[in-house]
There are 2 protein chains.
Amino acid sequence: MATRKRMSPLAEQILEALEERGYRTTEPRRAVAQVVANQDRHFTAEELRQMLPGLGRATVFRSLKLLVDVGVLCRVLLEDGALHYQMSLRGHHHHLLCVECGISQDLTGCDIEDVLTQTSDRHGFELSGHWLEVYGRCRDCRSKEAVSA
Amino acid sequence: MATRKRMSPLAEQILEALEERGYRTTEPRRAVAQVVANQDRHFTAEELRQMLPGLGRATVFRSLKLLVDVGVLCRVLLEDGALHYQMSLRGHHHHLLCVECGISQDLTGCDIEDVLTQTSDRHGFELSGHWLEVYGRCRDCRSKEAVSA
DNA sequence: GTGGTAACAGATACTTGGGCTCAATAAGGA
DNA sequence: TCCTTATTGAGCCCAAGTATCTGTTACCAC
């Protein structure tokens, strides 16, 4: 490949993550990386597929799975049970999802792990993992309503 | 209906919950209630369908949805993403799921709501709901391993 | 009891979301 | 350049759940 499109730094970072794990950085994967890097919120597999009409169905699903395995993407479970994906170059974390505008914020400074460990102990459980999604209304949506009211 | 099978108290409780909301207690629903009341752990829609071979596909799904709406069942999300159902005559609560034997315990005495409210506040979010599943190994599975080791 | 009406059940076709397979192709090392 | 292996894409397939439609049942008024 003599001429490669210029990619965003975030897309490059995604490709580096793949290379680090020994995966090849093929043209379809570069395309996926670029599109994923451009998303500012969570998206479904179907949405990603529509953004990459030239790619095969299977390739899109495989790429998503790959990026989740590598830790570039994380899965986000919406209140209605729908599965979405979202950038995640950080480690384990949770999301605050706005039920109105759909934006999501990473949950930081959250001491939930401690609370869970303590509670599990009380029940005789050895904690191995957890899944938490938090739903609510973000600052913007709340202030918009306050203005219009 | 002159002769009705005797039902377990728990099954009766389920039917009462339906009646309270104005739903009819039909024969298929009685069958679903009895089977659901007999389960001592979470189950899938498919499993329920197999336990009720006489019932139509749609009826099983409709009944599940109904029982969730009424609050008799709650949905349980397994670590692999599979959706299960489980009795829940209590209000909002969470589950400790054993990844080995599949048993689940309700999480009580958990002050996670407080932690979440505080954290949401810090992010400007107005909390409306959350989904939490906790995975680990239960007391029994741990002691079994300790013995065999 | 009988009859009317609205809720309900069941069959089945359809949609959605994703996995599997396999031949063709591309990447990268020797 | 050649060889090996990973990757791709097309198409088929499958499972889970939904929509629709027709026949049935429960409940209420009489």
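User: Which residues are the closest to DNA strand C, and how many residues surround it?

Analyst: DNA strand C is surrounded by 15 residues, a residue being counted as near if one of its heavy atoms lies within 4 Å of the strand; the closest are R57(A), T26(B), R29(B), T59(B) and R62(B). The model is predicted, with local features needing pLDDT of at least 70 and side-chain atom pairs counting only at pLDDT 80 or more, while totals for chains, interfaces and linings use all residues; side-chain values use heavy atoms, without hydrogens and water. Residues are numbered from 1 along each chain as its sequence is written, and chains are lettered from A and ligands numbered from 1 in the order in which they are written.

User: What makes the approach of R29(B) to DNA strand C a polar contact?

Analyst: The term requires a pair of N or O atoms within 3.5 Å (within protein, one must be able to donate a hydrogen and the other to accept it, and residues adjacent in sequence count only if both atoms are side-chain atoms). An N or O atom in the side chain of R29(B) is 3.0 Å from a phosphate oxygen of DNA strand C, so the pair meets the cut-off. Two or more residues of the surface near DNA strand C come from each of α4 (57-70) of chain A and α2 (27-38) and α4 (57-70) of chain B.

User: Which residues are the closest to DNA strand D, and which contacts reach its phosphate oxygens?

Analyst: Of the 17 residues that surround DNA strand D, the closest are T26(A), R29(A), T59(A), R62(A) and R57(B). Phosphate oxygens are reached by a polar side-chain atom of T59(A) at 2.7 Å, by an N or O atom in the side chain of R29(A) at 2.9 Å, and by a polar backbone atom of G56(A) at 3.4 Å. Of the DNA strand D atoms within 4 Å of the protein, 53% belong to sugar or phosphate and the rest to bases; for DNA strand C, sugar or phosphate accounts for 57%.

User: Why does H84(B) receive its accessibility class, and what does its side chain contact?

Analyst: With 10% relative accessibility, H84(B) falls on the buried side of the limit and is therefore classed as buried. H84(B) belongs to strand β2 (residues 83-87) of chain B, and its side chain forms a polar contact of 3.0 Å with the side chain of H42(B). Not counting residues up to four places away in sequence, the residues that H84(B) touches include F43(B), T44(B) and C74(B).

User: Why are C101(B) and D114(A) given their accessibility classes?

Analyst: C101(B) has a relative accessible area of 27% and so is partly exposed, and D114(A), at 47% relative accessibility, is therefore partly exposed as well. C101(B) sits in the loop between β3 (94-98) and β4 (104-107) of chain B; beyond four places in sequence, C101(B) touches R41(B), C138(B) and C141(B). The C-alpha atoms of C101(B) and C138(B), 37 residues apart along the chain, are separated by 8.2 Å. D114(A) is in helix α5 (residues 112-122) of chain A.

User: What is the overall make-up of chain A?

Analyst: Chain A has 6 helices and 5 strands, which follow the pattern α-α-α-α-β-β-β-β-α-β-α along the sequence. Of its 149 residues, 46% count as buried, and its C-alpha trace spans about 60 × 50 × 25 Å along the principal axes.

Notes. Helices (H or I, at least four residues) and strands (E, at least two) are DSSP runs, numbered from the N terminus. Buried means under 20% relative accessible area, exposed over 50%, partly exposed in between (1.4 Å probe, protein chains only). Contact means heavy atoms within 4.5 Å.
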